[in-house]
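Hi,

Here is the structure I promised to pass on to you. Have a look at it first, and then read on for what I found in it.

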Amino acid sequence: MSDPPGEVVGETEWRRLDKRMLLIHPFQSLLQALPAILALFVARIGADDSDRWELLALPVVVAFGLLRWVTTRYRITGDQIELRHGLLHKQSRTARLDKVRTVDLTAQLHHRALGLAKVEISTGSAGKDRLVLDSLGIDEGRRLRAQLLDRLRTVDPALAALPPPTGPALDVGAPASEVDEVGAEEELLRLHPSWLRFAPFTMTGIGTAAAVLGFVSQGIGRFSEQGDYYESSARWLEEQGWLPSVVGLLVLVSLLAVGAYILSFWGFRLSRNHTGSLHTRRGLLTSREVGIDHTRVRGVELGEPLGLRLAGGRRLKAVSTGLQGEAGGGSDWLSPPAPASVVEGVAAAVLGDPVAVGGTVTDHGPAARRRRLTRAVTPPAALVVALAVGWDVGDWPLWWLVGALPLVGGGWLLGRDRYRGLGHLVTGRHLVARSGSLDRRRVVLARSGVIGWKLRQSWFQRRAGVVTLTATTAAGRQHYDLLDLTPERADELLRELAPELVTQFT
Amino acid sequence: MQLREPAHLVSPRAIRMWTVEAVLGALFLGAAQLGWWFLDDAPDRTLHVVVGALWLLLSAAYAIGMPRWRYRVHRWEATPHAIYTQTGWFNQERRIAPLSRVQTVDLERGPLAQLFGLATVTVTTASAAGALEIVGLEVGVARELVDTLTSAAVAEKGDAT
């Protein structure tokens, strides 16, 4: 490339986005201006005069897009990175290099066709402060990421030698010699196609399927006349009987879920380089590369939602500071839904604490169990009582009441499972909190990442003699709760986890 | 041995401030009800009377009970290493944060607080869920607390995450 590796650190000259963005920016501004341009055209359709002056808008918009490239510049000086853009409204953003938390590389289809990638640098603890470079060449982006995350004296040749995400799946065999030289990049996980079987068991997959179905049916409803499509399909369904319809729907939803899984996780690869930073790469059409500085990782979140649990699967996210949004905005994935043994292995490798990942958790006791059951059974029971009164006093149909009865049983099962999910564990370096039934999560949080404690008791909790202990942290969901502990246990935990903090208050 | 309560109560004037707050809130609801009285054309006023009586009863109970209950609960304590608060009334919460993790210390005085010579001190940490708030401190005490905490927080290095 243009600049030799040795000069990268300490350089002061301004750099621009990749030249190939000159092809993309005009289209982007055209797209943004499209509504206005269309409105202009529509308004001028009836006009008599023959000079189509509104066509002038097009070159102006294109020039505007080109100006974006001209006015955007960035540079790295000493210990900070600076980004400037804007012509009339000039903006300049500066971030200290040691505040950089994550560096994401995202390449949508048009980026990939041109060998580009959007670089997003997040620097704030809540992930709000982001520097976005849209876009650099893929090699340039990788070099920048290596420079920011690893703060190397020279560019890591292994990283720069990686094939772009557009290329075929990484062949570890080929660049092995180079990789070994710089101290190895360790591959922790690579997607196996058989994991696609987990796709239908996740809510994300089902949700996507529902969204697609809704969109399609809406589209059909709009274009078919007088809804005869619905009539004919309803008639067709009636002829088929309900069993094939249900099976057909299940198959369709599963296929869509698998499709969604492929779109977001195809080619998933998690690796750790010699500095300890984690790197993930994933995506079929839009490819996404995320680098997480290891000093920002405060733990992992092992997701075991009901469906995935029944299918023997798990998924894994990083609990890290500086990821976008409360739940990480999708850049925190460390493993897609995959077999439990695989995911737990990866979690143990990332944390180096297998007990925290797989060890048996301590339950929260009978009071917690009573509360889980009461809270799960009360709403459906109240519904049943209301329906019974309505049937007795008013003339509400009996089948409403009968139909609601199973809900009470379901509530009881849910409460029982929620209690079974509840647990905690303290290891040498980590605090483990597990909770939930439909969306069960086992959070492994570094004890050093806890920055404060809360003890919360609602009026009902005080009467039941339980307390919720919350560990607050700058990472992930910002707080992790141990629900309904006995006060004695909460006290014991605090004493063990933060002795220097609590002994002065006893 | 159990964690004890934080050492200091807030200013007794906080009871009056909370009472005024409660009364203002109740008056707001009362105004809504007055509007309903004039907008409703039905000749039967039973419902209005029932709702009005309920409003009076609940508002009075809230305005009398809540501030005293809350005053008994609200406590705080700062040591050279940590800050410890207890807040709430119906739902109660204790928070502890080490000073080494404190990021900002704010002193805030709303119009009511100014009227009663009180202030609120908010201590934030790097966690979005971890702010500690002490409501109803006397201004002098609050200023002193802010100074202590700020100098302690400045002495710490690193970004406290």
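This is a predicted model: local features need pLDDT of at least 70, side-chain atom pairs count only at pLDDT 80 or more; totals for chains, interfaces and linings use all residues.

Of the 161 residues in chain B, 29% are buried.

The overall form of chain B is worth a look. Its C-alpha trace spans about 70 × 35 × 30 Å along the principal axes. The radius of gyration of chain B is 20 Å, whereas a compact globule of 161 residues would have one near 15 Å. Among the contacts in chain B with a separation of 6 or more, 58% are between residues 24 or more positions apart.

Two stretches of chain B carry a note from a record: an unreviewed UniProt entry annotates residues 20-39 and 45-65 as "transmembrane region". In the model, residues 20-39 of chain B are 100% helix and 0% strand, with 29 Å between the end C-alpha atoms. Residues 45-65 of chain B are 95% helix and 0% strand, and there the end C-alpha atoms lie 30 Å apart.

One residue of chain B to look up is B:Ala126, in the loop between strand 6 (118-125) and strand 7 (132-138) of chain B. Is B:Ala126 buried or exposed? B:Ala126 counts as buried because 21 other C-beta atoms lie within 10 Å, and the cut-off for buried is 20 or more. From B:Ala126 to B:Gln92 the distance is 34 residues in sequence and 23 Å in space, C-alpha to C-alpha.

Now to where the two chains meet. The contact involves 25 residues from chain A and 26 residues from chain B. On the side of chain B that touches chain A, strand 3 (82-88) and strand 4 (92-98) of chain B are the elements that give two or more residues. Strand 4 of chain B gives the most, with 7 residues. By type, that side of chain B divides into 12 nonpolar, 9 polar and 5 charged residues.

Which strand of chain A pairs with strand 4 of chain B? The partner is strand 18 (residues 450-457) of chain A, in the antiparallel sense and over 5 bridges. There, A:Trp453 stands opposite B:Ile96 of strand 4 of chain B.

This pairing belongs to an open sheet of 7 strands with antiparallel pairing, in the order 20(A)-19(A)-18(A)-4(B)-3(B)-2(B)-1(B). At its edges are strand 20 of chain A and strand 1 (8-9) of chain B, each pairing on one side only.

On the chain A part of the sheet, strand 18 and strand 19 of chain A pair in the antiparallel sense over 6 bridges. A:Trp453 has A:Ala471 as its bridge partner in strand 19 of chain A. Helix 16 (residues 487-497) of chain A packs on the sheet and touches strand 18, strand 19 and strand 20 of chain A. The direction of helix 16 of chain A makes about 25° with that of strand 19 of chain A.

Strand 19 (residues 467-473) and strand 20 (residues 479-485) of chain A pair in the antiparallel sense over 5 bridges, with A:Asp481 as the bridge partner of A:Thr470. These two strands of chain A form a hairpin with 5 residues between them, and A:Gly476 in the turn has a positive phi of about 55°. Strand 20 of chain A is mostly covered, as 5 of its 7 residues are buried.

Best wishes

Methods:
Residues are numbered from 1 along each chain as its sequence is written. Chains are lettered from A and ligands numbered from 1 in the order in which they are written. Two residues are in contact if their C-beta atoms, placed from the backbone, lie within 7 Å. Helices (H or I, at least four residues) and strands (E, at least two) are DSSP runs, numbered from the N terminus. Ala, Val, Leu, Ile, Met, Phe, Trp, Tyr, Cys and Pro count as nonpolar, Asp, Glu, Lys and Arg as charged, and the others, Gly among them, as polar. Two strands pair if DSSP finds at least two bridges between them. A residue is buried if 20 or more other C-beta atoms lie within 10 Å of its own, exposed if 12 or fewer, and partly exposed in between; C-beta atoms are placed from the backbone. The radius of gyration is taken over C-alpha atoms; the globule rule is 2.2 Å times the number of residues to the power 0.38. UniProt positions are given in the numbering used here, feature names are shortened, and annotations may be inferred rather than shown by experiment. Axes are lines fitted to C-alpha atoms, for helices over the stretch in contact, and angles run from 0 to 180 degrees between N-to-C directions.
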